[in-house]
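Open the model in your viewer and keep the selection panel at hand. The tour goes from one selection to the next and says what is there.

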Amino acid sequence: MNVRLVMRLTGAVVIFFTLSMLTMVPFAMWYGEWTELTGIVEAMGVGILFGAALWFGGRAPSDDLFRREALAVVGLSWLLIAAVGALPLQLAGMVDTYTDAYFESMSGLTTTGSTILTDIESNAHCLLFWRSFLHFVGGLGIIVFFVAILPILGVGGKALFKQEVPGPVPEGFTPRIKDTALALAKIYVGLNVLEFFLLRLAGMNWFESLNHAMATMATGGFSTNNASIFGFVSPLIEWIVILFMFLAGTNFSLHLRFVRGDFTVFFKDVEFRVYVGLVLLVAFLFSTIVWFVEVPAPGVSEFGAFNFRDGLFTSIAIMTTTGFGTID
């Protein structure tokens, strides 16, 4: 294995990821979170130094990035960016120990959504944004963004892309693997933007809309609200989140083919049809359970939309691993 090449590319990923911490700065300044801003700067300094040490300790990329090197870069990158992503959470005061910070960072990047926080709403806005941003990056994969944005990888990007992207992507789907990565990233970002505006129109403030859009499309489930989506007490918000959880759980290669003009791709795809069938089946089962165990809302005296919405929300939240909640 070409260890120095792996070091060089991993260092580039770490530096690129560390620079993304700049996204926290506007939030810290807007909300006057100056103590947290100091911790963010310190975290960036540590991340840049660490990434630079790997970069200069390696050698320049070339065409000899094979499967073993690609696997090493992807695996090490996830471990290291989780380690770097934990730094602002501890240094800016969200958690007390680095172990807790690493747990939260890894949970965000892997879009697992587990948390050690007990009072989410009491934390600084810039750090709540960072948790959601970790979802955003992890949702499609840091390597996909890396391949799409940085041409430094050259032909080696194809090997990285294949190791990183989950699910089937047809061979020869686009002439260049960078084009595929960039196209998938555009769809992912576009759906985030669309959900942001819809949630804003539905009643969330702009900060809540931004964070919940990133958490939904990444199927991660981090919320800025202690009570998750239930805390907004809005059927319209729930329906919007249902829609985008469903889209986020759909194979993104189908989205890509759809935006390129194959408007019947969803109907023709067996995987998608099974997905829809399972969602509806589980939603019906959950709705039936809700009907028997939940106290009906005022004015609801029979099985209807109230129970089906809860059942559908719960089924998609679980099946897509998003983890948002509206009922017990």
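Begin with helix 15, which gives the nonpolar patch its largest share, six residues. Helices here are DSSP runs (H or I, at least four residues), numbered from the N terminus. The model is predicted, so local features need pLDDT of at least 70 and side-chain atom pairs count only at pLDDT 80 or more, while totals for chains, interfaces and linings use all residues. Residues are numbered from 1 along each chain as its sequence is written, and side-chain values use heavy atoms, with hydrogens and water left out.

**The nonpolar patch**

Select V270, V274, L278, L281, F284, L285, I318 and M319; together they make a nonpolar surface patch of about 730 Å². Patch residues have over 30% relative accessible area and no salt bridge, and nonpolar side chains (Val, Leu, Ile, Met, Phe, Trp, Tyr) are joined within 5 Å. A salt bridge is a side-chain nitrogen of Lys or Arg within 4 Å of a carboxyl oxygen of Asp or Glu. Areas come from the Shrake-Rupley method with a 1.4 Å probe. Helix 15 (270-293) and helix 16 (305-319) each supply at least two residues of the patch.

Now pick L281, in helix 15. L281 is partly exposed, at 47% relative accessibility; buried means under 20%, exposed over 50%, and partly exposed in between (1.4 Å probe, protein chains only).

**Helix 10**

Move to F196 in helix 10 (residues 177-202). Apart from neighbours within four places in sequence, F196 is in contact with W206, S209, L210 and A213; contact means heavy atoms within 4.5 Å. The C-alpha atoms of F196 and E208 are 8.8 Å apart, with the two residues twelve apart along the chain.

Next select F197, also in helix 10. F197 is partly exposed, with a relative accessible area of 48%. From F197 to A213, 16 residues apart in sequence, the C-alpha distance is 9.1 Å.

**Helix 3**

Select residues 34-57, which form helix 3. Its buried residues are E36, L37, G39, I40, A43, M44, G47, G51, L54 and W55. What covers these buried residues of helix 3? The cover includes helix 1 (3-19), helix 2 (25-30), helix 4 (67-85), helix 5 (87-91) and helix 7 (125-140).

**E104**

Finish at E104 in helix 6 (residues 98-109). Is E104 buried or exposed? E104 is buried, with a relative accessible area of 0%. Beyond neighbours within four places in sequence, the contacts of E104 are L89, S114, T115, I116, L117, R131 and F222.

How values were computed. Expected span 1.5 Å × (residues − 1). Patch = residues over 30% accessible without salt bridge, like charges linked within 9 Å, V, L, I, M, F, W, Y side chains within 5 Å.
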